[in-house]
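Biologist: I'd like to go through this model with you. Can we keep it quick?

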Amino acid sequence: MLPWSLPSELRKYSEDSNKMTAEIPALPEPAYPHLDSMLSRKFGKEVANYFSGSPLNRVSFLRTDHTFLSAALTHPTTSFLLFHNLNPLATDTSTLHYLRYPEIRPLVGDNPYSKTEAQLVSEYNSAVTIPQLLFLGLDERNKQGLTHAIYTGAPYFALDVTPRGTIASQAESLIQNLQSRGLKFLEGRIQAALPAQDAAIYAQARALLDWNARNPFCAQCGQPTLSINGGAKRTCPPKDMANLKGAIGGNVGSEPTERPDCATRKGISNVCFPRTDPTIIVAVVSSDSKRVLIGRQKRWPPYWYSTLAGFVEPAESVEEAVRREVWEESGVKLGRVVIHSTQPWPYPANLMIGAIAQCIPGGEEIVLKHDPELEDARWADMDEIREALRVGTSALGESAQEGYQEGNLRLPAGTAIANQLLTAVAAGFVGEAPKM
């Protein structure tokens with residue numbers, strides 16, 4: 001490790017204003033970090049970014065097995081992570097708090113998985129609010145966990161306790177009880193102080209809860225949808241026990257009402273799947289490999305810059321998206337593009353595809369007149385990047401480390417993939433050093 005690169009252990013720094021100590025979590029370990037292989041010898045070790053590295057086996061094929069989910073729900077090793085308005089339950093800013101089944105039973109009931117998915121769809125009642133429960137996976141490190149077929153591990157669920165509809169009073173009572181015990185729901189758009197593995201669990205849960213909350217109605221016919229598959233899919237039931245008027249529930253009937261025909265009930269695409277938006281983020285190196293392109297938005301703090309990023313468009317390769325976004329935002333023209341690593345970003349459901357690209361000779365002129373997204377873009381030499389990585393990193397709005405001099409370059413914290421991309425190029429990614 002070079003002396004200016006970020007350490008893997010927790011790094012503490014003093015805030016200039018109040019001298020309080022903040023901690024940057026260690027990044028997750030990649031899979032099999034010590035295993036030698038032809039790929040690792042050629043391309044270097046895999047890079048794992050914050051919000052990845054979950055300790056859970058998602059066993060996604062068991063999400064429709066309600067016998068398994070019923071057993072998982074009440075097992076003594078099962079953990080439930082609660083969310084209120086997408087804010088996770090915690091004891092403090094860096095410690096999530098998990099509950100056991102008896103504590104959430106007043107909200108979810110005895111067993112929401114007592115019936116099969118087919119039965120739940122046939123008995124669907126849009127006038128009754130069903131608590132949004134997600135099965136996240138099994139922690140197979142816990143050998144005392146639930147055993148089902150050949151799988152053993154402690155189950156993990158997420159539960160949305162935001163007061164809604166017919167369960168509002170039960171949810172409010174649960175929230176008040178938790179708060180009376182000194183627990184709190186962490187507010188703030190981004191949670192980046194959690195230990196790496198908890199951050200990955202939180203990211204999976206938040207992304208899926210957000211998707212479910214955003215899709216209560218069918219995009220095809222406008223009727224209410226039902227969460228199925230352990231919370232990982234939604235379906236548009238053909239019948240409804242509620243007497244619907246338009247697309248919104250009304251009086252409850254004794255017999256299910258046939259709902260209007262819907263294209264989602266035909267063919268094989270008969271359910272709604274969670275959305276993931278691919279987004280590129282790139283460290284651009286000059287044609288002589290001596291400088292890095294950085295940019296800033298107007299809303300960012302003074303001297304704070306980052307790498308360039310943008311969404312991948314339909315029918316566009318990642319490499320094409322990198323070249324297009326960089327040209328649109330900065331006017332710089334790119335040649336070779338290499339994918340470095342990726343980062344799940346649950347705000348709301350992005351997959352950040354980290355790349356390193358090199359400018360073509362003569363294509364380094366910065367032109368900001370195409371897309372007005374950036375307030376400024378400039379080239380920084382490698383020494384300036386290295387110094388900023390050493391003492392000038394932080395999350396937006398937070399102070400830099402001790403030793404930072406006001407007016408020098410600021411960069412994103414180590415929990416951001418932008419930091420990892422800049423660290424890679426400053427360490428010689430484009431030179432003769434091992435890649436990745």
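Predicted model: local features only at pLDDT ≥ 70, side-chain atom pairs only at ≥ 80, totals over all residues.

Modeller: One term before we start.

Biologist: Good. Where is Y32, then?

Modeller: Y32 sits in the loop between β2 (21-24) and α1 (38-43).

Biologist: What about its phi?

Modeller: Y32 has a positive phi of about 50°, although it is not a glycine. Most residues other than glycine have a negative phi.

Biologist: Is Y32 buried or exposed?

Modeller: Exposed. Y32 has a relative accessible area of 66%, and the cut-off for exposed is over 50%.

Biologist: Which other residue has a positive phi although it is not a glycine?

Modeller: A315 has one, of about 60°. A315 lies in the loop between β17 (308-311) and α7 (318-330). It is exposed, at 89% relative accessible area.

Biologist: And which peptide bond is cis?

Modeller: The one from Y347 to P348, with omega near 0°. P348 is in the loop between β18 (334-345) and β19 (350-359). Most peptide bonds are trans.

Biologist: Which residues of α5 are buried?

Modeller: A168, A171, L174, I175 and L178. They cover an arc of only 130° around the axis, so they are on the same side of α5.

Biologist: Why would that spacing put residues on one side?

Modeller: An α-helix has 3.6 residues a turn, so residues three or four places apart point the same way.

Biologist: What do the buried residues of α5 pack against?

Modeller: Their partners are β3 (79-84), β4 (87-92), β6 (98-99), α3 (101-108) and β10 (184-185). The face of α5 turned away from the buried side carries the exposed residues Q176 and S180.

Biologist: What follows α5?

Modeller: G182, with a positive phi near 90°. G182 lies in the loop between α5 and β10. It is exposed, at 51% relative accessible area.

Biologist: You listed α3 as a partner of α5. Which residues of α3 are buried?

Modeller: Y101, I104, L107 and V108. Their arc around the axis is only 110°, which puts them on the same side of α3. The covering elements include α2, β3, β6, β9 and α5.

Biologist: And what does the face of α3 turned away from its buried side carry?

Modeller: Two exposed prolines are there, P102 and P106. Just after α3 comes G109, with a positive phi of about 90°.

Biologist: How far apart are G182 and I104?

Modeller: In space, 17 Å, C-alpha to C-alpha. In sequence, 78 residues.

Biologist: Now aromatics. How many pairs are there?

Modeller: A search of the whole structure finds 13 aromatic pairs. One of them is F68 with F135: the ring centres are 5.3 Å apart and the planes are at 85°, so the pair is edge-to-face.

Biologist: Where do F68 and F135 lie?

Modeller: F68 lies in helix α2 (residues 66-74) and F135 in strand β7 (residues 133-139), so the pair ties together parts 67 residues apart in sequence. Both F68 and F135 are buried.

Biologist: And how are F80 and F157 arranged?

Modeller: They are stacked, at 5.3 Å centre to centre with 20° between the planes. F80 lies in strand β3 and F157 in strand β9 (residues 151-160), so this pair ties together parts 77 residues apart in sequence. F80 is buried at 0% relative accessible area, and F157 is buried at 0% too.

Biologist: Which residues form an aromatic cluster?

Modeller: Y50, F51, F83, Y202, W345 and Y347 form one.

Biologist: Last topic, arginines. Which ring does R296 lie over?

Modeller: R296 is over the face of Y305, at 5.8 Å from the ring centre. R410 lies over the face of Y404, at 5.2 Å from the ring centre.

Biologist: What does the side chain of R259 reach?

Modeller: The backbone oxygen of P224, at 2.8 Å. R259 is in the loop between β14 (248-258) and β15 (277-285). At 7% relative accessibility, R259 counts as buried.

Key:
Residues numbered from 1 in each chain as written. Heavy atoms only, no water. Buried < 20%, exposed > 50% of the residue type's maximum accessible area, 1.4 Å probe, protein only. Helix = DSSP H or I, 4+ residues; strand = E, 2+ residues; numbered from the N terminus. Arc of directions from axis to C-beta. Contact = heavy atoms within 4.5 Å. Phe/Tyr/Trp six-rings, centres within 6.5 Å; stacked < 30°, edge-to-face > 60°. Lys NZ or Arg CZ within 6 Å of the ring centre and 35° of its normal. Polar contact = N/O pair within 3.5 Å; in protein donor to acceptor, adjacent residues only side chain to side chain.
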